[in-house]
Amino acid sequence: MKSIVSIRSFAVLLILIFSMDVGANNITRQSFEEIVHGSDLVVIGRVVGIEKSDYPYDRAIIRVMSTLKGDERRLINFAINSNMLGELPACCVKGKVYLLFLARNKIGDYYPINGPYGVYPIEND
């Protein structure tokens, strides 16, 4: 009987440990200055499409409406819906407008600086 209690106690302890938010995947919000400084590209853009990719993320196709920092581009591929927790935002909605603080990865897609803190929806009037 004693071993059953010990196994149950151990199981409860494991459940508690693995359900705790220990902060490993939490991203600390950077200051506005740090986000801007770390960005290769800052744009306001409209999502014109969403596509699945062979990479560990999907892509939102963004039509750039205004470039606030970086080289002007008409369209960009924006990495979204990553299976790497806490790194890429679960966004975008086709037709919606966003302010994006971006860096470019090795294959040419853009990702948000400071994870979800680099993506801000703009309300359409």
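# Briefing on a predicted protein model

Ile 62 has its place in strand β2, where a strand is a DSSP run of E with at least two residues, a helix is a run of H or I with at least four, and both are numbered from the N terminus. The model is a predicted one, in which local features need pLDDT of at least 70 and side-chain atom pairs count only at pLDDT 80 or more, while totals for chains, interfaces and linings use all residues. Residues are numbered from 1 along each chain as its sequence is written, and side-chain values use heavy atoms, with hydrogens and water left out.

**Overall layout**

- The protein contains 2 helices and 6 strands, and their order along the sequence is α-α-β-β-β-β-β-β.
- Of its 125 residues, 33% count as buried, a word that stands for a relative accessible area under 20%, whereas exposed stands for over 50% and partly exposed for values in between (1.4 Å probe, protein chains only).
- The accessible surface comes to about 8,500 Å², and 57% of this surface belongs to carbon and sulfur atoms; such areas come from the Shrake-Rupley method with a 1.4 Å probe, and for residues only the protein chains shown count as cover.

- Ile 62 counts as buried because its relative accessibility is 0%.
- Once neighbours within four places in sequence are left aside, Ile 62 is in contact with Gly 45, Arg 46, Val 47, Arg 74, Leu 75, Ile 76, Phe 78 and Leu 100.
- Ile 62 and Val 97 are separated by 35 residues in sequence, and their C-alpha atoms are 8.9 Å apart in space.

**Salt bridges**

- The structure holds 3 salt bridges, each being a side-chain nitrogen of Lys or Arg within 4 Å of a carboxyl oxygen of Asp or Glu.
- One of them pairs Lys 52 with Asp 58, with 3.3 Å between the closest N and O atoms; Lys 52 is exposed at a relative accessible area of 69%, whereas Asp 58 counts as buried at 12%.
- Another joins Glu 51 to Arg 59, with the closest N and O atoms 3.4 Å apart; here Glu 51 is partly exposed, its relative accessible area being 32%, while Arg 59 counts as buried at 14% relative accessibility.
- Arg 59 also forms a salt bridge with Asp 109, and the closest N and O atoms of this pair are 2.7 Å apart.
- Because Arg 59 lies in strand β2 (residues 58-69) and Asp 109 in the loop between β4 (97-104) and β5, the pair ties together parts that are 50 residues apart in sequence.
- Through salt bridges that share partners, Glu 51, Arg 59 and Asp 109 are joined into one network, and Asp 109 itself counts as buried at 2% relative accessibility.

**Asn 114 in a loop**

- Asn 114 lies in the loop between β5 (110-112) and β6 (119-122), and this residue is buried, with a relative accessible area of 9%.
- A polar atom of the Asn 114 side chain lies 2.9 Å from the backbone oxygen of Thr 28.
- If residues up to four places away in sequence are not counted, Asn 114 touches Ile 27, Thr 28, Arg 29, Gln 30 and Ile 35.

Terms used: Polar contact = N/O pair within 3.5 Å; in protein donor to acceptor, adjacent residues only side chain to side chain. Contact = heavy atoms within 4.5 Å.
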